[in-house]
There are 2 protein chains.
Amino acid sequence: MDLDVRRLRVLHEVALRGSVTAAAAALHVTPSAVSQQLVQLSREAGHELVERAGRGIVLTPAGQVLATHAKDVLGAVEQAVAGLAALHRRVSGTVRVGAFASAAGALVAPAAARARAKHPELDVRVIEAEDQQSRLDLRSGTLDVVVLQEYDHVPAPLVDDLDRHPITTDPMHLVTPVGWRRGTGRLSELRDVPWIASAEHTPCLGSTLHACRLAGFEPDIRHRSVDFALTLDLVAAGLGAALVPELALRHVPPGVHVQPLAEPVTARRIFAVTRALGGAPQRPAVDALLTELSGPAGVPRGHLPPVLA
Amino acid sequence: MDLDVRRLRVLHEVALRGSVTAAAAALHVTPSAVSQQLVQLSREAGHELVERAGRGIVLTPAGQVLATHAKDVLGAVEQAVAGLAALHRRVSGTVRVGAFASAAGALVAPAAARARAKHPELDVRVIEAEDQQSRLDLRSGTLDVVVLQEYDHVPAPLVDDLDRHPITTDPMHLVTPVGWRRGTGRLSELRDVPWIASAEHTPCLGSTLHACRLAGFEPDIRHRSVDFALTLDLVAAGLGAALVPELALRHVPPGVHVQPLAEPVTARRIFAVTRALGGAPQRPAVDALLTELSGPAGVPRGHLPPVLA
DNA sequence: AGATCCATGTAGCTACGCTACAACAGCGAT
DNA sequence: ATCGCTGTTGTAGCGTAGCTACATGGATCT
């Protein structure tokens, strides 16, 4: 019996994403194909691997066992590929990087440019993706590197076998309309103004709330935006104050006043995550990108708005 | 890129056996198929994996690297299969055992019978095979268990990641025609008689030579036989003396006198070998057979010839 | 109940891998 | 050198496995 890698990958995706449809999407095939592969695989395995649960499916115990082993097999295959890549004297191949918008623009894009300049055969692809999604894609192999953020008060634990590579710490800045009287950068001076914050269940909103509560008040959040460019526009329109991380301040519209937080109670740590290859070294291509991401260049200070520089 | 298990297995076999033809035979396909798979695999790998060397081929460095990783992948797949098999409450599946002739008849066959009696769904297959061949087949996965012998003076080192399971120690016996005057079982009494021994380059011949030299003489080897049944027939015909391991003495023809060696200078250790699964437990089916092989029953004393019982 | 979502069957097409045969290259012998 | 044996590689053709597109059948929500 041989347990095709293909089929094991299907099971792995199903285990990871919890549904045939999601796995099919990740694998760029139709749900029908995934379903057929599961049937075939369970025939080979001699056990039912999934069973219907309401509208979806769940893995049977046998399915979970095999999924665990599938992860090992896929890891071994990946190490084989990495071993081959390491034979090339030149850094080459494709690295897929997932990052949230502000990091993608401010950190990953320049790093990718530097990496490509150094290694012409390196193909870096940047995919904007949100936290949970990108973790799944990393573990499934769709992405090779994921850039995540972590707010001080909300540690984001790294499940299972992922490696963490620190990049930088991104301080939050206080953003207000220029029309407002200038403060000292103390949050408590802004207890009675309208606020602009991110959507529910986002770490950024949590960060704002946390900072304001530490300053002794509950912010009056009037507007919500997950896009910092929009947030800045809202501030420019005089609609409220906001806390914005430095990396999102590369293009500040007129009419916005930016100042560092007097009490740097909140900052987000930004770090890259890769699949741990069981002690084996990463692919040279991945290493090259990680070097640029966390290298001395770090945050391109030259790109910061004048008010901060 | 996905590096099909199938292809990796092809490379693994080629690496193990050193030729396309041998690998093809082991995989039960034509050499053409193996050759095509190698071409395809090297295309995927981005490196030449084999190159012609005279009439045959050798692996390139890249080929060796990938072959090593291939072993890991195949090991992971095997562990996955083992994990599935362990889910069955009953011991089932197929176990292929390779053994040299005398052990196969005296040890493996009864053990297989006992195992099958205990576990009706267990399918034990016994394949007679010689030492080097069976080691290759074990490492390639063609065999699951191999029974090997090791003479005291010729330790047989176990390369790489194989597990060793002691079975028994098989003492050598002195075999002479009944027409000869009875000795005390001391080898030195037979320094001037003709001898029957095994072929060149066999451990059994080495054992005989070793024992005789310890007794202070060089045996006058007149006849050669690798088959102990033939050896006994030659002895029965009065052609010479021989040293024969106990396990080969289940069917002693008339006219042969068997006695234990007065000085038990030579004995062969018999042991089973399995692929080490990197710390993971063996398959239940393999475990069941190993239990019977090395269990309390051990050598079936009841089957020994009367002269020894 | 109707609408919707999700998983699973079925028909048909494509593509991959195998066999059989042929060609070619190295090594040894007469 | 020539012939023959052995071993690897190329080519044509066939069988099968896996995919898509579409249809079917449950389960959930409104």
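Colleague: At what angle do the axes of helix α1 and helix α3 of chain B cross?

Modeller: Two packed helices are described by the angle between their axes and the distance between the axes. In this predicted model, the axes of helix α1 (residues 5–17) and helix α3 (residues 31–45) of chain B come within 9 Å and cross at roughly 110°. α1(B) is therefore roughly perpendicular to α3(B). Axes are lines fitted to C-alpha atoms, for helices over the stretch in contact, and angles run from 0 to 180 degrees between N-to-C directions. Angles of 65 to 115 degrees count as roughly perpendicular, under 35 as roughly parallel, over 145 as roughly antiparallel and the rest as oblique. Helices (H or I, at least four residues) and strands (E, at least two) are DSSP runs, numbered from the N terminus.

Colleague: Which residues of α1(B) and α3(B) meet?

Modeller: Contact means heavy atoms within 4.5 Å. From α1(B), R6(B), R7(B), L8(B), V10(B), L11(B) and V14(B) meet V34(B), Q37(B), L38(B), Q40(B), L41(B) and E44(B) of α3(B). These residues divide into seven nonpolar, two polar and three charged. Here Ala, Val, Leu, Ile, Met, Phe, Trp, Tyr, Cys and Pro count as nonpolar, Asp, Glu, Lys and Arg as charged, and the others, Gly among them, as polar.

Colleague: How do α2(B) and α3(B) pack, and at what angle?

Modeller: Helix α2 (residues 20–27) of chain B packs with α3(B) at an angle of about 110°, the axes being 8 Å apart. The two are therefore roughly perpendicular to each other. V20(B), T21(B), A23(B), A24(B) and L27(B) of α2(B) make the contact with P31(B), V34(B), S35(B) and L38(B) of α3(B). By class, this contact has seven nonpolar, two polar and no charged residues.

Colleague: How many residues surround DNA strand C, and which are the closest?

Modeller: A residue is near a strand if one of its heavy atoms lies within 4 Å of it. DNA strand C is surrounded by 22 residues, the closest being T21(A), S32(A), R7(B), T30(B) and R55(B). Of the atoms of DNA strand C within 4 Å of the protein, sugar and phosphate account for 73%.

Colleague: Which side chain has an N or O atom 3.1 Å from a base nitrogen of DNA strand C?

Modeller: That side chain belongs to S32(B). Phosphate oxygens of DNA strand C lie 3.0 Å from an N or O atom in the side chain of S35(A) and 3.3 Å from one in that of Q37(B).

Colleague: What conventions apply?

Modeller: Residues are numbered from 1 along each chain as its sequence is written, and chains are lettered from A in the order in which they are written. Local features need pLDDT of at least 70, side-chain atom pairs count only at pLDDT 80 or more, totals for chains, interfaces and linings use all residues, and side-chain values use heavy atoms, with hydrogens and water left out.

Terms used
Polar contact = N/O pair within 3.5 Å; in protein donor to acceptor, adjacent residues only side chain to side chain.
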